[in-house]
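This report describes the fold and the packing of one protein chain. The sequence and the structure are shown first.

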Amino acid sequence: MQEVAALLLCKLGGQSGSADEIKAVITAAGGEPNEDQIAALVADIDGKDVNELLGAGMAKLVDVPMGGGGGGGGGGGGGGGGAAVEEVAVEEEEVEEAPAASDMFGGGDGDGGDY
């Protein structure tokens with residue numbers, strides 16, 4: 001799979017996607033290139049346009065089921081009869097008074113204290 005990703009990166013970068021270029025991309029990403037898989041990939045795509053191959057692959061994916069059927073929707077609420085009246089209680093926030101400002105050492109008389 002890393003070989004295909006490296007090939008696509010080469011094509012996006014404007015390169016031809018040769019075996020050496022694919023190896024260089026894989027090595028730069030910290031992977032180990034598999035010579036056999038690279039050779040098979042290059043042989044398979046020789047003379048083919050990558051965009052056409054991608055388009056053909058996307059057309060095949062239409063038939064592949066993807067994702068689950070999803071769970072059923074949530075159940076409806078029980079029929080409670082009449083419409084319920086919702087009361088909204090408005091709570092008033094209490095404002096706390098800040099303590100009187102004083103100096104850092106607790107003296108607030110302004111005479112400078114010991115300092």
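## Burial and packing

Ile45 is buried, because its relative accessible area is 15% and the cut-off for burial is under 20%. The model is a predicted one. Ile45 belongs to helix H3. Leaving aside neighbours within four places in sequence, Ile45 is in contact with Leu7 and Leu53. Between Ile45 and Gly17 there are 9.7 Å in space, C-alpha to C-alpha, although the two are 28 residues apart in sequence.

The protein chain has 4 helices and 0 strands, and the pattern along the sequence reads α-α-α-α. Of its 115 residues, 10% count as buried. The accessible surface of the chain comes to about 9,800 Å², and carbon and sulfur atoms account for 53% of that surface. Among contacts between residues at least 6 apart in sequence, 38% join residues at least 24 apart.

Helix H1 spans residues 2-12, and its buried residues include Glu3, Ala6, Leu7 and Cys10. These residues lie on the same side of H1, because they cover an arc of only 100° around the axis. In an α-helix there are 3.6 residues a turn, so residues three or four places apart point the same way. Leu9 and Leu12 are exposed, on the other side of H1. The cover over the buried residues of H1 includes helix H2 (19-28) and helix H3 (35-45). Just after H1, Gly14 has a positive phi of about 85°.

The largest nonpolar core has 8 residues, namely Ala6, Leu7, Cys10, Ile22, Ile26, Ile38, Leu41 and Ile45. At least two residues of this core come from each of H1, H2 and H3. In soluble globular proteins, nonpolar side chains tend to be buried together.

| Residue | In contact with |
|---|---|
| Ile22 | Glu3, Ala6, Leu7, Cys10, Gly17, Ile38, Leu41 and Val42 |
| Glu3 | Ile22, Ile26, Asn34, Gln37, Ile38 and Leu41 |
| Ile45 | Leu7 and Leu53 |

Glu3, found in helix H1, is buried yet has no salt bridge.

Notes:
Residues are numbered from 1 along each chain as its sequence is written. This is a predicted model: local features need pLDDT of at least 70, side-chain atom pairs count only at pLDDT 80 or more; totals for chains, interfaces and linings use all residues. Side-chain values use heavy atoms; hydrogens and water are left out. Buried means under 20% relative accessible area, exposed over 50%, partly exposed in between (1.4 Å probe, protein chains only). The arc is that of the directions from the helix axis to the C-beta atoms. Contact means heavy atoms within 4.5 Å. A nonpolar core is a set of buried Ala, Val, Leu, Ile, Met, Phe, Trp, Tyr and Cys residues joined through side-chain atoms within 4.5 Å. Lys and Arg count as positive and Asp and Glu as negative; His and the chain ends are not counted. A salt bridge is a side-chain nitrogen of Lys or Arg within 4 Å of a carboxyl oxygen of Asp or Glu. Accessible areas come from the Shrake-Rupley method with a 1.4 Å probe; for residues, only the protein chains shown count as cover.
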